[in-house]
Amino acid sequence: MELAIFYLFASIAIVAALGMVVLRNAVHSALSLAVVFVALAALYVLLNAPFIAAAQVMIYAGAILILFVFVIMLLSPRVDQGAGALKWQRPLAALCGLVFAVELAIVAASALLPTERGPFTPERLAEIGDVQAVGALLFTDFLLPFEITSLLLLVAMVGVIVLAKKR
Amino acid sequence: MLTVNHLIFLSAILFSIGAVGVLVRRNPLIMFMSIELMLNAVNLAFVAFARYLQNLDGQVFVFLILTVAAAEVAVGLAIIVALFRQRETIDVDEASILKG
């Protein structure tokens, strides 16, 4: 059952990702990317990570994709002409991608995974709750990185205002 | 039984599709979307290992990556808008000169 759900959402994600790369119209690509994000959120739920699934839908599908669609609307770019500067660029890129995927698969299949497990078994997570456990970690072990992200967001905000300001 | 290998293979496939997307498309918006796809593939690997190792550090990392991705997209799209204002085109091959 778990495996059937995985294959369903994995195939949806792969088909939508291919669609994002192949489709000519930028808006269609953005919509395909939304499908990928939602399929991955479903997989996160399957993997006992409901907090990440919710954050994925809110931040990626909600905020980042809306920003993309706004910029596409603002610039209204022409339909992508397709032909790059080099004639053989596309087949070469596809070949490189295939080789890269095979390499990653070989490394993943031959990697020795550690057998030592952490304290968060599925039963324990169900008992204390995933959001509580992640939140506790964020505010104890990862407090400094968590605070630095707020600084990062501030810097990004200032940078965007400076870049987008009319001169 | 859903093993960690299934998820890592899916992550590898999505990452490769994103890499090919960056290589074949000349529209910076779609190249950016491909980079987002690659970040998502990495997130999937983090969550898969978090479940396999029964350790939530991976999920915290995904949270931090989400923040970085949001900041990166905001700044990147602002750069693309500035580029469009300057040159009336957003083809990346047209933007090969560093000094505007």
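Predicted model: local features only at pLDDT ≥ 70, side-chain atom pairs only at ≥ 80, totals over all residues.
Let's start with the fold. Chain A has seven helices and zero strands. Its radius of gyration is 20 Å, well over the 15 Å that the globule rule gives for 167 residues, so chain A is more spread out than a compact globule. Along the principal axes, its C-alpha atoms fill a box of roughly 55 × 45 × 25 Å. Of the 167 residues, 32% count as buried.

Now the charges. Chain A carries 9 positive and 9 negative ones, and their mean positions are 26 Å apart.

Over all chains, the count comes to nine aromatic pairs. In one of them, Phe68(A) and Phe32(B) have ring centres 6.0 Å apart and planes at 75 degrees, so the pair is edge-to-face. Phe68(A) sits in helix H3 of chain A and Phe32(B) in helix H2 of chain B, so this pair joins two chains. Phe68(A) is buried at a relative accessible area of 0%, and Phe32(B) also counts as buried, at 12%.

Another edge-to-face pair is Phe142(A) with Phe61(B), at 6.1 Å centre to centre and 80 degrees between the planes. This one crosses between chains too, from the loop between helices H6 and H7 of chain A to helix H3 of chain B. Here Phe142(A) counts as buried at 13% relative accessibility, whereas Phe61(B), at 38%, is partly exposed.

Finally, Phe51(A), Phe139(A), Phe146(A) and Phe63(B) form one aromatic cluster.

Notes. Residues numbered from 1 in each chain as written. Chains lettered and ligands numbered in written order. Heavy atoms only, no water. Helix = DSSP H or I, 4+ residues; strand = E, 2+ residues; numbered from the N terminus. Rg over C-alpha atoms; globule rule 2.2 N^0.38 Å. Buried < 20%, exposed > 50% of the residue type's maximum accessible area, 1.4 Å probe, protein only. Lys, Arg positive; Asp, Glu negative; His and termini not counted. Charge placed at Lys NZ, Arg CZ, Asp CG, Glu CD. Phe/Tyr/Trp six-rings, centres within 6.5 Å; stacked < 30°, edge-to-face > 60°.
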